[in-house]
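Dear colleague,

Please find below the structure that I am handing over to you.

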Amino acid sequence: LTATCEIVDDVLDLLRQPIAIITDELTQIEENELHNKKGNTEEDLAIQRQKLLMIERHLDPLETLLRRTLVDIASSANESEIRSLRELSDRANWFDQRIHHQLDRVKLCMDQLHISAMDDLSTSMYRLSIIATIFLPLTFITGLLGINVGGIPGAEDKSAFWLVCILLIGLAVLTFVGISRALKK
């Protein structure tokens, strides 16, 4: 039992450095994202997530072993052995919580990246809708005025051209006012 406790203690000591390295790398990724430094942020986050999950995969059986051992020897072991096992179990639990905390950081960073991408997409769609608002009526009007058929009202009247121009300017002003009000909101 003492040898097992020593081995588990050594394994837990080995986990400290990788978790610290991953924590530092996540901090660096967060700082890069905060300062809008472009890079492979999503890929870096995925790598950190894989590392954390791999550590967790190795830590889970160790925690299970400690809990089972505590239950199995609770009646036959002396107080110092039980206390030693409980301390190791608490330490393993602390590492597990630390890993879950880092996984939460990864998830938060991924969510922020997705929100940023959605904001960029929303801005692009907004610009596209403004362009469509401007050019759709213009396309309709040029198509309408480009019809070469007889019987167009005002085709023989020279003032009809200016009337159509005034109507188009009025339509442009109304469109501009509508877009301006939409932008203010």
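Asp13 counts as partly exposed, because its relative accessibility is 37%. The model in which this residue is seen is a predicted one. The side chain of Asp13 meets that of Arg91 in a salt bridge, with a distance of 2.2 Å from N to O. This pair links distant parts of the chain, since Asp13 belongs to helix α1 and Arg91 to helix α3, 78 residues apart.

Arg91 also forms a salt bridge with Asp9, and here the closest N and O atoms are 2.2 Å apart. Asp9 lies in helix α1 (residues 2-34) and Arg91 in helix α3, so the pair ties together parts that are 82 residues apart in sequence. Are the two partners buried or exposed? Arg91 counts as buried, because its relative accessibility is 19% and the limit for a buried residue is under 20%. Asp9, in turn, counts as partly exposed at 23% relative accessibility.

A further salt bridge joins Lys51 and Glu25, whose closest N and O atoms are 3.3 Å apart. Lys51 counts as partly exposed at 30% relative accessibility, and Glu25 is partly exposed with a relative accessible area of 28%. Salt bridges that share partners join Asp9, Asp13 and Arg91 into one network. How many salt bridges does a search of the whole structure find? The search finds five.

I turn next to the second largest pocket. About 210 Å³ of space lies in this pocket. Helices α3 (79-145) and α4 (158-184) each supply at least two residues of its lining. Among the lining residues are Thr133, Ile134, Pro137, Leu138, Ile141 and Thr142, and the lining also includes Leu168, Leu171, Ala172, Thr175, Phe176 and Ile179. Which classes of residue make up this lining? Nine of the residues are nonpolar and three are polar, while none is charged.

Finally, there is a patch on the surface to report. Met118, Leu121, Met125 and Leu128 form a nonpolar patch there, and together they have about 420 Å² of accessible area. One of these residues, Leu128, lies in helix α3.

A colleague

Key: Residues are numbered from 1 along each chain as its sequence is written. This is a predicted model: local features need pLDDT of at least 70, side-chain atom pairs count only at pLDDT 80 or more; totals for chains, interfaces and linings use all residues. Side-chain values use heavy atoms; hydrogens and water are left out. On a 1 Å grid over the protein atoms alone, a cavity is a set of points where a 1.4 Å probe fits but cannot get out, and a pocket is an open set with protein on both sides within 12 Å along at least five of seven lines; lining residues have an atom within 4 Å of a point. Grid points are joined across faces, edges and corners, and a volume is the space filled by probe spheres set on the points. Helices (H or I, at least four residues) and strands (E, at least two) are DSSP runs, numbered from the N terminus. Ala, Val, Leu, Ile, Met, Phe, Trp, Tyr, Cys and Pro count as nonpolar, Asp, Glu, Lys and Arg as charged, and the others, Gly among them, as polar. Patches are made of residues with over 30% relative accessible area and no salt bridge: like charges are joined within 9 Å, nonpolar side chains (Val, Leu, Ile, Met, Phe, Trp, Tyr) within 5 Å. Accessible areas come from the Shrake-Rupley method with a 1.4 Å probe; for residues, only the protein chains shown count as cover. A salt bridge is a side-chain nitrogen of Lys or Arg within 4 Å of a carboxyl oxygen of Asp or Glu. Buried means under 20% relative accessible area, exposed over 50%, partly exposed in between (1.4 Å probe, protein chains only).
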